[in-house]
Amino acid sequence: MTNTLTLTNTQARRLFLDRHALSETPAGDARGDALLDLITRLGFVQLDSINILARAHDLILFSRRPRYRPKDLKSLYEKDRALFEHWTHDAAVIPMAFYGWWQLRRERDAALLRSRWRDWRREGFEAQFQPVLDQIREEGPLCSSDVGAGEKRSSGGWWDWHPSKTALEYLWRSGALCVVGRDGFKKRYDLTERVIDKALCGPLQSPEDTARTIDWCCSGALDRLGFATPAELAAFWDHISLAEAKDWCATEVAAGRLQPIRITGADGTARDSLARPGVADDPALDTPPCSRLRVLSPFDPALRDRKRAERLFGFNYRIEIFVPEAKRQYGYYVFPIMEGDRLVGRVDMKAFRDRDALVVRALWPEHGVRWGKGRMAAFEAELARLTRLGGVTTVTFEDGWLRTHDS
């Protein structure tokens, strides 16, 4: 790859953070159209039920717009119908304008899940399709607890859904139903025909329709990543296969609409990637990001791809929710801390609303990052901001909260 552009690690970080709305000062309106514009810029926002400080989607938006409040997202989703809920790599809220591009995913899920769930779920879920649809048509939006009267319930997890719950999920994932909101974190389902504009709901008619969707997926992913490998493009929305992404990249390179580049990682090694022509002139490469320290969600779009985050930032992270307590390196739910274009630490903390306190249990500075008075003051200022999102008014620190990686 002679004469191939190589981005320095600093340039790559700047470009990546710019695309994830983490370069500019966190400020500005976070309601209505302004909030929709932010979510559109990100592509989607992952939903998560765990509420240690705030739910993941709320912290993702708050970290970019501190004026954001959870009611603003609920209004945009449930009242304005500007968002819909479906899957990327996980459950997410997505701009309604993208609904038609999910048809490929819905059709593929319809085939995949029907065969998979016959093995993984309780018997009989397919027989509940029509009864569930009829009940929703008659009664309006329903939750899983409203369907399947008389079916055996379980206190277990996803592997033990009752048949009508499984039918609900299948009909949602394949398109006959849509989620119109949540009671707590319990989904409410309605008939798609009553909620979504018919113009967005048509089936794929031809191979050309599939090709257009692949192009949209890859192009949209690249716009939001700045640079990417075919595997990273395929994984972004998680709609298409690696082979489809590779074919798209080859076609775009041959047509001059993509250029091979090399990305320098945090360890100094370079890795082949792809970007738009003219990336060398992108203003983001020469624009240092805002230096304000901020706490990120473990599910932040900038960190979702753990391997990419490690290559770019030298930040090795895994969520330890499912790790037995005795084997955890850090904690159950630990938040990364970003300052400028660096990840400078991670913090184990929880909002105890009954005690009106955000309790910091442990802070680990990253290797080689000194936490002096200035950085500590910036951290305390961020904690004060987070109390508003967490619904508390005070911050307390447990004994021995400042750690090293050996403690």
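Me: In this predicted model, how far is the sulfur of Cys201 from the closest cysteine sulfur?
Reply: The closest cysteine sulfur to that of Cys201 belongs to Cys178. A disulfide requires the two sulfur atoms to lie within 2.5 Å. The pair is too far apart for a bond, because the separation is 8.3 Å.

Me: How many disulfides does a search of the whole structure find?
Reply: A disulfide is a covalent bond between the sulfur atoms of two cysteines. The search covers the whole structure, and the number found is zero. Cys143, for instance, is in no disulfide; its nearest cysteine sulfur lies 13 Å away, in Cys178. The count of disulfides is therefore zero.

Me: Is Cys143 buried or exposed?
Reply: A residue counts as buried when its relative accessible area is under 20%. Cys143 has a relative accessibility of 5%. Cys201, by contrast, is partly exposed at 27%. Cys143 is therefore classed as buried.

Me: Which element gives the most to the lining of the second largest pocket?
Reply: This pocket holds about 360 Å³ of space and is lined by 22 residues. Helix H3 (56-62), helix H4 (70-79), strand E5 (177-183) and helix H13 (373-390) each supply at least two of the lining residues. With five residues, the element that gives the most is H4.

Me: How many residues in the lining of the second largest pocket are charged?
Reply: Among the residues nearest the centre of the pocket are Arg55 and Asp58, and both Arg and Asp count as charged. Across the lining, nine residues are nonpolar and six are polar. The charged residues number seven.

Key:
Residues numbered from 1 in each chain as written. Predicted model: local features only at pLDDT ≥ 70, side-chain atom pairs only at ≥ 80, totals over all residues. Heavy atoms only, no water. 1 Å grid on protein atoms, 1.4 Å probe; cavity = no way out; pocket = protein on both sides within 12 Å on 5 of 7 lines; lining within 4 Å. Points joined across faces, edges and corners; volume = space filled by probe spheres on them. Helix = DSSP H or I, 4+ residues; strand = E, 2+ residues; numbered from the N terminus. Buried < 20%, exposed > 50% of the residue type's maximum accessible area, 1.4 Å probe, protein only.
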